Amino acid sequence: MKKTIITGLAVAAVGMLALTACSSGAEGGSGAASDGGSGGDLITVGFAQTGSESGWRSANTESMKTAFSTDNGFDLIFNAADNDAAAQIAAVRSFINQGVDAIVIAPIVEDGWDDVLQEAADAGIPVILEDRTVSASEDLYSTWVGLDFQLEGQKAGEWAAETFTGPTNMVVLEGTTGSAPANDRATGFDEAIAGSSITKIDSQTGDFTRDGGKTVMEGFLQKYGVDGIDLVYAHNDDMALGAIEAIEAAGAVPGEDIKIISIDAVHDGMQALADGKINYIVECNPLLGDKAAALVKAVLNGESVDKRTIVEDQAFDQDAAIAALPDRKY
Ligand code: GZL
């Protein structure tokens with residue numbers, strides 16, 4: 001299976017158009033979509049976004065809306081499913097019924113996509129996956145552009161294993177249950193710490209949200225006490241930021257009494273890293289819009305595209321975060 005690796009810079013060169021804030025639920029196109037997607041020269045695209053669960057998601061949505069603009073030749077129909085997998089599948093069915101030219105999906109979870117993807121194929125509508133991927137057959141979608149979540153977890157785990165060489169009790173704030181990033185970041189991390197002195201004493205989903213991370217961390221602190229937890233591995237910055245709130249409310253110092261490793265490198269996470277409240281962050285680049293838009297046009301033009309396009313990530317310690325913050329695009 002062919003795949004393309006591109007650097008974050010290539011993807012980060014996104015237009016700087018100001019955008020209206022995205023809201024959950026459907027946002028209409030120009031009306032061209034109602035005529036079966038032919039809408040003059042514009043390409044009608046139905047985009048099924050997960051929701052607005054995190055800072056990463058907001059940056060991803062902005063990148064997608066910038067790229068799929070009318071100036072770039074698109075009539076975008078946007079739907080955010082509020083992290084509800086059934087609602088997201090229903091949105092895709094709606095796009096099929098509207099006869100859009102192409103469908104883009106950031107699938108909330110990996111499973112349950114076979115039927116609706118087959119319906120899109122039967123309707124002759126190509127599907128492009130961005131961000132997360134699915135367990136359905138690769139024959140049911142044209143291409144996927146995203147990140148290597150397992151490598152992100154591996155990078156985080158390798159740093160942890162190198163850094164914490166004494167007995168270390170770790171709790172994990174998992175991403176959305178059944179999602180590719182939650183599954184793969186766990187796999188990559190667990191493999192990297194195998195044989196180390198780190199012991200995973202508990203693991204629970206905070207659904208990639210700040211409130212979720214705070215609530216789960218409060219439960220861990222009640223169960224194990226501040227002294228019973230040495231390290232938090234959060235599958236994203238928003239949950240890490242929630243954990244920071246819980247740790248401080250318990251009278252402890254995040255980044256010192258309890259160390260924190262996270263993934264995403266969104267602005268608030270990088271600021272916490274610069275401030276010493278998080279100890280290490282592996283980036284997950286949300287700026288996928290330009291790449292996704294180019295893939296939609298290539299697929300509709302009948303061009304051969306790689307099945308997978310992976311955007312490279314980097315990792316940051318405190319010094320690197322302080323240096324990078326002024327120039328960050330998200
Ligand atoms: C990863 C993306 C994840 C982010 C979270 O590509 O799907 O979903 O890590 C986001 O912040 O909610």
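**Exercise 1. Which residues touch the most other members of the largest nonpolar core?**

Solution. Take the 45 residues of this core; Val45, Phe68, Ile261 and Val296 touch the most other members. A nonpolar core is a set of buried Ala, Val, Leu, Ile, Met, Phe, Trp, Tyr and Cys residues joined through side-chain atoms within 4.5 Å. Buried means under 20% relative accessible area, exposed over 50%, partly exposed in between (1.4 Å probe, protein chains only). A second, separate core has 31 residues, including Ala234 and Leu325.

The model is predicted: local features need pLDDT of at least 70, side-chain atom pairs count only at pLDDT 80 or more, and totals for chains, interfaces and linings use all residues. Residues are numbered from 1 along each chain as its sequence is written, and side-chain values use heavy atoms, without hydrogens and water.

**Exercise 2. Find what isoleucine 261 touches.**

Solution. Leave out residues up to four places away in sequence. Partners then include Trp159, Phe164, Phe189 and Tyr280. Contact means heavy atoms within 4.5 Å.

**Exercise 3. Is alanine 121 buried or partly exposed?**

Solution. Locate alanine 121 in helix H4 (residues 114–122). Helices (H or I, at least four residues) are DSSP runs, numbered from the N terminus. Its relative accessible area is 40%, so alanine 121 is partly exposed. Leucine 140 lies 19 residues from alanine 121 in sequence and 6.8 Å away in space, C-alpha to C-alpha.

Note on methods:
Helix = DSSP H or I, 4+ residues; strand = E, 2+ residues; numbered from the N terminus.
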